[in-house]
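Morning, everyone. I have one model to show, and I'll keep it short. Please have a look at it first.

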Amino acid sequence: MSKKKIWIIPVLILFILGGYFTVSKVVALFHQPVHGIILYSKEKKSLEKGLENNQSSIKTHINVQAKYNAKTDTLVLSKNSAEKLIDAHAINYVNKKGNDFTFKHVTSLSKTPALWTSDLKAVSTTDERGKIFTAATTEYIVLGESSITKKTLVLDDNDFQNFQSAAEYISVIEEKRDAAHALAAYSFDKAQIFNFTQK
């Protein structure tokens, strides 16, 4: 091999390393890490196992039990669970202007029953037996920064017990790692990531 060809190898290596360094810097500049994760599962034990396995990377977390009606795509929370999620800064008002969305933490629970949905004309939903639950208020509120379901219904604890639907378990986690990468370390049916730091 000639001397000219030998020099091509280190030049190519430097070129590749330089390109990688540039791309990683550009990605880091535009990708702002977030640290909030919301996990949903029908299996309570699998969520708890994920929390246990990732304990050293978790800053804070809370678990709540909910219910889910697949027919109406409605997540149902008790008043007590909703208040825990509010305290964890996991529930946000949504303000939409054109294609832009902004979020603001909900600081207290309004009247119950409350229906949280983008369809502000909706006033009620049903459980799996067809019993109607009518909301006292309808607001555009989401868990995190997106809607995992069409509707979220918040009921007084008694009405929550009477709502007939399957159990759903929710974990809200504040991760030390970038949530986009940490998500793979957990077990869940559905998940979303979100930013804890909005005002």
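Which element gives the largest share of the lining of the largest cavity? Strand 10 does, with 3 residues.

Some ground rules before the details. This is a predicted model, where local features need pLDDT of at least 70, side-chain atom pairs count only at pLDDT 80 or more, and totals for chains, interfaces and linings use all residues. Residues are numbered from 1 along each chain as its sequence is written, and side-chain values use heavy atoms, with hydrogens and water left out.

Now the cavity. By cavity I mean a set of points, on a 1 Å grid over the protein atoms alone, where a 1.4 Å probe fits but cannot get out; lining residues have an atom within 4 Å of a point. Points are joined across faces, edges and corners, and volume is the space filled by probe spheres set on them. The structure has 1 cavity of 30 Å³ or more. The largest cavity holds about 70 Å³ of space. Its lining counts 14 residues, and L143, S147, I148, T149 and T152 lie nearest the centre. Two elements give two or more residues to that lining: strand 10 (141-143) and strand 11 (151-155). Strands here are DSSP runs of E, at least two residues, numbered from the N terminus.

What is the lining made of, by class? There are 7 nonpolar, 5 polar and 2 charged residues. Nonpolar covers Ala, Val, Leu, Ile, Met, Phe, Trp, Tyr, Cys and Pro; charged is Asp, Glu, Lys and Arg; the others, Gly among them, are polar.

Next, the sheet that strand 10 belongs to. It is open, with 3 strands in the order 5-4-10, paired antiparallel. Strand 5 (100-105) and strand 10 are the edges, each pairing on one side only. Neighbouring strands are turned by 40° against each other on average, direction ignored; the axes are lines fitted to C-alpha atoms. Pairing means that DSSP finds at least two bridges between two strands.

Take strand 4 (residues 91-97). With strand 10 it pairs over 3 bridges. I91 is bridged to L143, and N92 to V142. So much for that side. With strand 5, strand 4 pairs over 6 bridges. There, V94 has F103 as its bridge partner. Strands 4 and 5 form a hairpin with 2 residues between them. In the turn, G98 has a positive phi of about 65°.

Key. On a 1 Å grid over the protein atoms alone, a cavity is a set of points where a 1.4 Å probe fits but cannot get out, and a pocket is an open set with protein on both sides within 12 Å along at least five of seven lines; lining residues have an atom within 4 Å of a point. Helices (H or I, at least four residues) and strands (E, at least two) are DSSP runs, numbered from the N terminus. Axes are lines fitted to C-alpha atoms, for helices over the stretch in contact, and angles run from 0 to 180 degrees between N-to-C directions.
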